[in-house]
Amino acid sequence: MYRRPLQFAARSFATAAASRAAAGKALDHDACFRALAARVSSPCSAPCRTLHISTQLCNVKETPQHSEEEVGAFTKLIEAMGFTGPLKYNKWKIKIAALRMYTCCVERVNYDEFFEKFALPDTLNSWFLVAQLHVWMCLVRMRQEGREGKYMCRYIVHSMWEDVEQRSKIMGIDAIHRKEAMKAMTETFYAAIFGYDEGIMSDDCVLAAALWRNLFSRQCEDPKQLELMVEYVRKQMQFIDALDGDDLLLTGEVKWRPLVEENAQSILKVMRPTYNDTGL
C-alpha cells in the first residue's frame with residue numbers, strides 16, 4: 001500500500017504552487033529547510049569481514065564549480081531573512097521540476113529488484129532508505145546549479161516528506177506513531193546525507209561504510225552486495241552529472257541506469273529532454 005503513486009501530494013503541491021504564482025507575489029514566503037547542525041560523531045567501521053572492493057569506476061569527475069553569483073544588497077537582505085530573491089527561472093517552474101525530479105526517484109526505480117537483490121524487507125522503512133539514496137544523488141547534482149539549484153533542492157526534500165506522510169496515512173498509521181516515525185526518518189535522512197557526501201568525495205571503502213550504515217542499517221555481511229551498491233552509486237553519479245543543468249531546472253527529468261548491467265563503465269550519450277516555452 002505504501003508504494004501507491006504520488007496522487008494527493010502531487011495534486012495539492014501543484015495546486016498550491018499555481019495559486020501562489022497567480023497571486024503575483026513579489027517574494028516567496030516558503031521557509032528555508034535547515035539541515036541538521038550535528039554530524040554523525042564518528043563513522044562506524046565496516047563489518048568484520050574484510051571488504052574487497054574492486055570497482056574500477058572512476059570517482060565522480062570534478063565539475064567546475066559555479067562562481068559565486070553576484071547579487072544585490074536587497075537580495076542578500078531578504079535571503080538573510082529566510083526568503084528567496086529573484087532567480088534565473090520562474091520559481092513556480094522550478095517547484096514543478098522539483099516535484100518531477102522527486103517523482104523520478106520513486107516511480108523510475110525498481111524497488112522490488114533492490115529488495116530481492118539485497119534481502120531487504122518489503123516495508124515502508126526499506127522503501128524510504130532506497131528512495132532517500134536516489135533523492136540524495138539528485139540533491140548532489142542540483143547543488144551544482146547555483147542559487148536556482150539550491151532552491152530546487154528545498155522543494156525536492158519538501159516533496160519527499162509530503163509523500164512519506166501520505167504513504168504512512170494510507171497504511172493507517174495513527175497520528176502519534178506517524179509523528180514519531182517522521183521524526184526518526186528525518187534524523188536518518190540528514191545523517192545519511194552527511195555520510196553519503198563524505199563517501200562520494202572519498203574512496204570506495206568510505207562510501208561502502210556509509211551505505212552499510214544507512215542503506216543496510218548495519219545488517220549486511222556480504223561484501224559483494226556492498227561492492228554492487230558502490231558501483232551503482234558511482235555510475236549513477238557519473239550519469240546524472242552529464243545531464244544539462246538548465247534542462248534539469250526546467251524539466252526535472254532524470255532516468256536511472258539499471259542496478260545490474262554488463263558494462264557499468266559505458267555511459268551512453270544523454271538525450272536532452274524537450275520542453276515548450278512555458279517549461280512544461
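Start with Gln132, which is found in helix 5. Helices here are DSSP runs of H or I with at least four residues, strands are runs of E with at least two, and both are numbered from the N terminus. This is a predicted model, in which local features need pLDDT of at least 70 and side-chain atom pairs count only at pLDDT 80 or more, while totals for chains, interfaces and linings use all residues. Residues are numbered from 1 along each chain as its sequence is written, and side-chain values use heavy atoms, leaving out hydrogens and water.

Is Gln132 buried or exposed? Gln132 is buried, at a relative accessible area of 1%; buried means under 20%, exposed over 50%, and partly exposed in between, with a 1.4 Å probe and protein chains only. Apart from neighbours within four places in sequence, Gln132 is in contact (heavy atoms within 4.5 Å) with Thr188, Phe189 and Ala192.

Phe189 brings us to the largest nonpolar core, where it is among the residues with the most contacts, along with Trp127, Met229, Val233 and Trp256. Such a core is a set of buried Ala, Val, Leu, Ile, Met, Phe, Trp, Tyr and Cys residues joined through side-chain atoms within 4.5 Å. Beyond its neighbours within four places in sequence, Val233 touches Leu133, Trp136, Met137, Ile200, Leu207 and Leu211.

Now the whole chain. The protein chain has 10 helices and zero strands, and 45% of its 280 residues count as buried.
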